[in-house]
Amino acid sequence: MMDENKQVNNTSQQLGEPTEVKQSMKSDSPAETNSHESGSEVTEQVITPENVSEDTTFSPENGAAATDNNEKATAALAELTQEIESLKVQLEERNTQYMRIGADFENYRKRTSKEKEELDLQVKRNTILELLPIVDNFERARSLLKPQSDGEMTIHKSYQGVYKQLVDCLKRIGVSPMRPEGQEFDPNLHEAVMREPTDEHPEGTVLEELVRGYYLGDRILRHSMVKVAAPPADTSPSVPEDQSSSSDS
């Protein structure tokens, strides 16, 4: 190869060609081109790790910035945690308040319902008490009047039909009569207006109901006016002992 170059140089010198053409011909050879390209690749491979190492190196400024970011993140997390705890406390307070309001409303509902029932019962009681004297008059008329003719019997049956209708109406709304005859006197149910001495019944026994008493449901609507048995009076007069002894002497 060197011999060929020498020959080319000699030939070029003989022909008078400039040396720059020779140098350009030498540089265009494939071997030299590949050698230059491979050299550039090696240079790039060597330089690249140096650049990477320089990029991954942390400076003091980068460390301070990272520390500042960590502190900010920690402060934000602590603030969020505190806010969550505050919301939990508020939620607990609201739940307690809601339960208290619910209990108060339930008590209010029960109280108003009971008051309404009491008011309805009181109105019903007052209305029935106004009707009971009419029932008493019907019962007195039935016990006193003795029809003699067919016309009187017709009248008697007419007003007794009205009386029966009134009594049935009272039963439907919860009114029931007392039956105290033969029972022991109870001041919670009965009102004693008469006492009759007798030895046929124990003392305190109800002998007769003078004015009928009534219940309204399980409550007392009107007390019964009754006659109560009393112990018999001693008819034999007692004689003092000094008078009996003087009479014997």
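Arg 222 is buried, with a relative accessible area of 18%; here buried means under 20% relative accessible area, exposed means over 50%, and partly exposed lies in between (1.4 Å probe, protein chains only). The structure is a predicted model, in which local features need pLDDT of at least 70 and side-chain atom pairs count only at pLDDT 80 or more, while totals for chains, interfaces and linings use all residues. Residues are numbered from 1 along each chain as its sequence is written, and side-chain values use heavy atoms, with hydrogens and water left out.

The side chain of Arg 222 meets that of Asp 136 in a salt bridge of 3.0 Å, N to O. A salt bridge is defined as a side-chain nitrogen of Lys or Arg within 4 Å of a carboxyl oxygen of Asp or Glu. Because Asp 136 lies in helix α4 and Arg 222 in strand β5, the pair ties together parts that are 86 residues apart in sequence. Helices (H or I, at least four residues) and strands (E, at least two) are DSSP runs, numbered from the N terminus. Asp 136 also counts as buried, at 9% relative accessibility.

By this rule the count comes to 10 salt bridges. In one of them, Glu 196 is joined to Lys 227, with the closest N and O atoms 2.9 Å apart. This pair links distant parts of the chain, as Glu 196 is in strand β2 (residues 190-197) and Lys 227 in strand β6 (residues 224-230), 31 residues apart. Glu 196 is partly exposed at 32%, whereas Lys 227 is buried at 13%. Another salt bridge is found between the side chains of Glu 106 and Arg 109 (2.5 Å, N to O). These two residues are three apart in helix α4, so about one helical turn separates them. Both are partly exposed, Glu 106 at 30% relative accessibility and Arg 109 at 42%. A network of salt bridges links Glu 139, Glu 209 and Arg 212.

Strand β5 belongs to an open sheet of three strands, in the order β1-β4-β5, with antiparallel pairing. Two strands pair if DSSP finds at least two bridges between them. β1 (175-177) and β5 (219-222) stand at the edges with a single partner strand each, so one side of each has no neighbour in the sheet. Three bridges join β1 to β4 (residues 214-216), and Tyr 215 in β4 is the bridge partner of Ser 176.

Strand β6 is mostly covered, with six of its seven residues buried. Seven bridges join β6 to β2 in a parallel arrangement; Pro 197 has Ala 230 in β6 as its bridge partner. Strand β3 (residues 206-211) runs antiparallel to β6 and is joined to it by four bridges, and Val 226 in β6 is the bridge partner of Glu 209.

The largest nonpolar core has 12 residues, among them Phe 138, Tyr 159, Tyr 214 and Leu 221. Such a core is a set of buried Ala, Val, Leu, Ile, Met, Phe, Trp, Tyr and Cys residues joined through side-chain atoms within 4.5 Å. Two or more residues of this core come from each of α4 (60-144), α5 (150-172) and β4. Leaving aside neighbours within four places in sequence, Leu 170 is in contact (heavy atoms within 4.5 Å) with Ile 128, Leu 132, Val 135 and Val 175.
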